[in-house]
Amino acid sequence: MNESKTSREKVADKLYIVIRIAILVSVVFLFIPGLNPARISGLINRNMSLFTTGLSYSTLIDGFGRSFKKGWVDPSTMKLVYASALCMCLGIAAQAAGGCMSVGNRKFKRLGNWITLIGSVVEVACMSGIYIAYGQIAQTPKPKKVQPIFPDGFWVIMIIGIVLIVLSLIQVFLLPKAAKDDEYEMESKYKLFLMFMPFLALVGVFSYLPLWGWRYAFFDYKVGDTLSMDKFVGFKWFLELVKNPATVRDIVRVLKNTLAMSALGILTSWLPMAFAIFLSEMKNLKFRRFVQVFTTVPNFISWVLVYAIAFCIFSTDGFVSSIMVNLGIWDQGVNMLMSGEHTWIKMLAWGLWKGIGWSAIIYIAAISGIDRQLYEAATVDGAGRFQRMWHITVPGLIPTFCVLLLMSVANILSNGMDQYLVFENATNTDAIMVLDLYVYKLGIGKGSISLTTVISMLKSIVSVALLFLANGVSKLIRGESIV
Amino acid sequence: MAKTAQEKADLKAEKLYQKKHKKKFKATPGDIVFNIINYAVFGLFTLACIFPFYYLFINTISDNDLVIKGVINFIPRGLNLDNYKALLNVSDLSNAFIVSISRTILGTALMVLASGFVGYLVTKQEMWGRKFWYRFLVITMYFNAGLIPWFMNMQMLGLTNTFWAYIIPGIVAPYNIILVKTYIESIPAELEESAQMDGATYITVFRKIIWPLSKPILATIAIFGAVGNWNSFTDSLMLMQSAPELYTLQHRLYIYLNQASNLSALMESGGQVSEAALKSALSGKVIKYTISMVTVIPILIVYPFMQRYFEEGIMLGAVKG
């Protein structure tokens, strides 16, 4: 790596920044269906990206059965689109590979540059193929049926392709020739980064890209529409939350349920600790193990299965009903799941049934970490069982308890939706509707995307604020952060 | 492991001490009452955790007529496996079973591979922009855009109604990556350095040294990942709306259970229920139990063997916190 840089190389390095950004944009184009430059007809599925277009011909022509039969579109046109898209995928892949090589040594750079150049030429050539196909499809005798569209992203990607060709050609002259005995080499810092990059891309796509969806909060969006500026409504949906009486009523009710159930959860958060303390008071190790193993089982079944369990125990012809009927206490079976009473308490009980054994494990481990000699000393001093529990075990567990408590305070708005979704029915829906479930029902069930995006957005922001707050409190009290 | 003489002596002294004190402190009546209550409470709660599974099971293997009469409560009668055989004919279910199994295997395998590899990469201080990219990754644990933006994103990417929606988003799991990273950092650096002296590349070091040495942690995250994949049903519910052939087993179970509860809601509210609907609902009850059993069996089978890993898993999380 002892290549001293000439001024030409420095210019080349600067040009590389532009080239890499251009390549990145091309790669993004490859995967976003909304920007698909090969979507030249309304009959092509809206969800197809350039990548999927080039991947599967059968999905591409899914909507064209009738048009082929009636001769509105010639199959050769679609084959041209498919071949072009496929080659474009390869071209963009070549660009990306060339871009990656550009962080290597001189020899790598030169090779990478040629590969980018070839890839870009292929890409631009394929764009012309798609242009020709569009020309053919635009002359269809039935434009209403075939819906020719000039794809939005076409010119953008065309320009990027041409820019890449020009820049790569310049680089050919700027990049110095590698010495004959040079090997392909790359600094390990870039090697490592290139290996990390695909995973970072996944994080970007699945964790950061959804933030782009926040724009729906500012539009009048209905499922299936495309967003356009004339649907921009500013803060209308935010105001809806505080102005529309029906929505306000819903939100207040939902927030009441959410906070109540979270509060019940927090109020009972000492139960796993008590569970662990009393469990460790048992002398019989085998029984202790037995209890520990079997009380953690419910944690590993899904909420659907918990509901199935509830169903077989508490429904009209379930265990409790059949026992009561057989004993003659009840005349007929009662479906206890179909009652709107004490919903919060019931949900809390199911949560405890599922989670207490599991949550206790962390405390059990902490108890085994407490110095035995403390107990012995206390016993010698005449402390009874409860005094030892209260003055030695509990203080030993408080730090763990505090961390978990702060975390649950930070998560006060997110109590998940699985549990409430499976237990919800017509009789208890008023008391069981928590925020997550409400958002799901309203957004995905009823298609009110804009309003629910606003709620999702506010919830995310409040949650992060709460987390920071909890973290700050933790730092203040314990001198340690929890995140 | 050989114990030193000192340790042995300590151990002996402690045993003697304990022996002496056991004799000294006899159980008082208060202790006995406490113990009885303690054992009883834990015994009952454990029973409450096991019994439902047992009840479910005996009702699926007993004579259906007896089950419908509601007399199978503690002891199975008229043992048969007809219900399980009947399930084989429900094509929805076998399909859902295959979907669940494949997503569990493929999703878990890719997640573990990725977590292992990325966990290794982020321990490398020399990576370009390591700190920044690591934060970029970890922040996503604490912040998300929300349910609806996530859903719209999946739709925009064209992943809805495809099998890949179960797999690809789960490949990079930041929390598991942190666990693996912490574990790898505890492996002596000399092992890796000596290999690198011999000219091994990062990939070789990962394959030959890091991967085999991190097996305990990888097993732990694999088990958690597998249970999570097997249990998840909201993704199936939201993303597969127009692809019923891709429903997971949990989703199917949810649908079957709901059919029953709708019917009983109708009965409760005094609505007219036809004789035929009632009858099919009743024998449907056994079918529902059987489907639940099929859904829970993989967990119950795997659980006893994997208990150790589960507990290790929660402890690892605690250490990190």
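This is a predicted model: local features need pLDDT of at least 70, side-chain atom pairs count only at pLDDT 80 or more; totals for chains, interfaces and linings use all residues.
Colleague: Which residues in α7(B) do Asp436(A), Val439(A), Tyr440(A), Gly443(A) and Ile444(A) in α21(A) meet?

Modeller: Residues are numbered from 1 along each chain as its sequence is written, and chains are lettered from A and ligands numbered from 1 in the order in which they are written. Helices (H or I, at least four residues) and strands (E, at least two) are DSSP runs, numbered from the N terminus, and contact means heavy atoms within 4.5 Å. On the α7(B) side, the partners are Leu147(B), Ile148(B) and Phe151(B).

Colleague: Is α21(A) parallel or oblique to α7(B)?

Modeller: Axes are lines fitted to C-alpha atoms, for helices over the stretch in contact, with angles from 0 to 180 degrees between N-to-C directions. Under 35 degrees is roughly parallel, over 145 roughly antiparallel, 65 to 115 roughly perpendicular and the rest oblique. These two helices pack at about 40 degrees, axes 10 Å apart, so α21(A) to α7(B) is oblique.

Colleague: And how do α14(A) and α2(B) lie to each other?

Modeller: Their axes come within 10 Å and cross at roughly 75 degrees. That angle therefore makes them roughly perpendicular.

Colleague: How many nonpolar residues does the contact of α14(A) with α2(B) have?

Modeller: Ile309(A), Cys312(A) and Ile313(A) touch Pro52(B), Phe53(B), Tyr55(B) and Leu56(B). Ala, Val, Leu, Ile, Met, Phe, Trp, Tyr, Cys and Pro count as nonpolar, Asp, Glu, Lys and Arg as charged, and the others, Gly among them, as polar. With no polar and no charged residues, the nonpolar count is seven.

Colleague: In chain A, which helix has the highest confidence?

Modeller: Chain A averages a pLDDT of 88, and 98% of the residues score at least 70. Confidence is lowest in α7 of chain A, at a mean of 81. At 94, the highest is helix α12 (residues 271-280) of chain A.

Conventions:
Side-chain values use heavy atoms; hydrogens and water are left out. pLDDT is the predictor's confidence in each residue, from 0 to 100.
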